[in-house]
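Reader: I am new to this structure. Can you show me how to read it, one feature at a time?

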Amino acid sequence: MTSTAGPHGLTSPVLQTRATRLFGVRHPLVQTGMGFVSDAGLTAATSAAGGLGILSSGLLSFDELARAIDDVRARTDAPFGVNVRADQPDVEQRIELMARTGVKVASFALAPRQPLIERCKELGLVVVPSIGARRHAEKVAAWGADALIVQGGEGGGHTGAVPTTLLLPQVVDAVDIPVIAAGGFFDGRGLVAALAYGAEGIAMGTRFLLTKESPVAQRVKDVYLTKSVNDTVVTREVDGVPQRVLNTGPVAQLERSNPATRLVRAARNAVAFQRMSGTPWPDIVREGLAMRRNHGLGWSQVVMAANAPMLYRTALLDGDPETGVMATGQVVGLIDDLPSVAELLERIADEAAQTLTSLEQRTDRD
């Protein structure tokens, strides 16, 4: 792929960072692992276009993950990653599978403990946890993580309260490993801004969700495209942990419902998810206990966590925004099209090059 965007282009030293070298990719652009969204098709499209695609495995069984990795491999020989949950009972078997099948990056939504990081590195995987606080960044960096995805409060799904513009410089100053900025990014200007802060690239979820290769139902994509930056809300009522989602009727209903009603709904969803996924009940219980321990959740919140998979699936894949829940970053209000992944990455690279040229010209005028 060749850029036509002036003197910087894709070979500009500014756009070739520690992250591109670490991941073995052309663009300092990462597609985050999103449940029900980051499937084999989207992951392969991102990696084939020169970014780092990350396959989401949190809602896949072990066998489904193996098939999905094979699917990505059949579509591209470019490097890609797999996002795993550090609290999954079979997490070690998953990272061993990843190493055997040539996966480049082990991405973690929850910060993995030191022994798991060490095991990943023994297997030759590049370890990239996602964090939302400086202290977590310092901890996993000290444990041997190779890079970090740092998501500010603007980001979608599970998120914190500190905006990217404050969290990013905190983390960049605190660690000496590559930092990938997430939360509020969608174009080349944002990429240049993140690089100026000291990041080595950007990661995007909502922007990749709204592409042609995204498996999200067209009807739901159309809903996303109508939303503004003020149409999101952070709620605990999906699974007990703060998540940024579109502020829709189902979310308002969750917020208004009483605890007993929420628990009954969550129990029904737990049964539905178990039937859909085939996950053994003992594994579901162990995951619930891990959530209680890692997030400090009460028992009612642990039961509520069963809401999330079915509520997201209902909207994103089944195409029912009137019943399901749609995670999103605030950046949804700045997105108005559905490009292919290749078009998107080319556009961002071109915009970044043009922004750098504009800054140089401004300096020359001064």
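Reader: How many bridges join strand 2 to strand 3?

Author: Start with the general idea. Strands of a sheet pair through backbone hydrogen bonds, either parallel or antiparallel. In this predicted model, strand 2 and strand 3 run parallel, and four bridges join them. One place to look is Ser56, which stands opposite Asn83 in strand 3.

Reader: Are the residues of strand 3 buried or exposed?

Author: Check each residue against the cut-off: buried means under 20% relative accessible area. In strand 3, five of the five residues are buried. Now take the faces in turn. Phe80, Val82 and Val84 lie on one side, Gly81 and Asn83 on the other, and both faces are covered.

Reader: Next, a helix. What span should helix 3 have, and what does the model show?

Author: Count residues, then look at the ends. Helix 3 runs over residues 62–75, which is 14 residues. At 1.5 Å a residue, helix 3 should span 20 Å. Its end C-alpha atoms are 20 Å apart, which agrees.

Reader: Which residues of helix 3 are buried?

Author: Leu65, Ala68, Ile69 and Val72 are buried in helix 3. They cover an arc of only 100° around the axis, so they sit on the same side of helix 3.

Reader: What covers the buried residues of helix 3?

Author: The cover includes helix 2 (40–48) and helix 4 (91–100). It also includes strand 2 (52–56) and strand 3 (80–84).

Reader: Let us follow helix 4. Is Arg94 buried or exposed?

Author: Read the relative accessible area. Arg94 is found in helix 4. Its relative accessible area is 3%, so Arg94 is buried.

Reader: What does the side chain of Arg94 reach?

Author: It reaches the backbone oxygen of Leu60, at 2.7 Å. Then list what Arg94 touches, not counting residues up to four places away in sequence. The list is Ser57, Leu60, Ser61, Phe62, Leu65, Val84 and Gln88. Two of these names have come up already. Leu65 is one of the buried residues of helix 3, and Val84 is a buried residue of strand 3.

Reader: How many bridges pair strand 10 with strand 11?

Author: Four bridges, in the antiparallel sense, with strand 11 at residues 243–246. Walk along the pair. Thr232 has Leu246 in strand 11 as its bridge partner. Val234 has Arg244 in strand 11 as its partner.

Reader: And how many bridges join strand 7 to strand 11?

Author: Two, and these strands run antiparallel. On this pairing, His158 stands opposite Gln243 in strand 11.

Reader: What follows strand 7? Where is Thr159 found?

Author: Thr159 is found in the loop between strand 7 (157–158) and helix 7 (164–174). Thr159 has a relative accessible area of 14%, so it is buried.

Reader: Which residues is Thr159 in contact with?

Author: Leave aside its neighbours within four places in sequence. Then Thr159 is in contact with Gln151, Gly152, Gly153, Val234, Pro242 and Arg244.

Reader: Last, the whole protein. How many helices and strands does the protein have?

Author: There are 16 helices and eleven strands. Of the 366 residues, 54% are buried. For contacts with a separation of 6 or more, residues 24 or more positions apart account for 64%. The protein exposes about 15,300 Å², and carbon and sulfur atoms supply 51% of that area.

How values were computed: Residues numbered from 1 in each chain as written. Predicted model: local features only at pLDDT ≥ 70, side-chain atom pairs only at ≥ 80, totals over all residues. Heavy atoms only, no water. Buried < 20%, exposed > 50% of the residue type's maximum accessible area, 1.4 Å probe, protein only. Contact = heavy atoms within 4.5 Å. Areas by Shrake-Rupley, 256 points an atom, 1.4 Å probe, with all protein chains shown as cover. Pairing = 2+ DSSP bridges. Expected span 1.5 Å × (residues − 1). Arc of directions from axis to C-beta. Polar contact = N/O pair within 3.5 Å; in protein donor to acceptor, adjacent residues only side chain to side chain.
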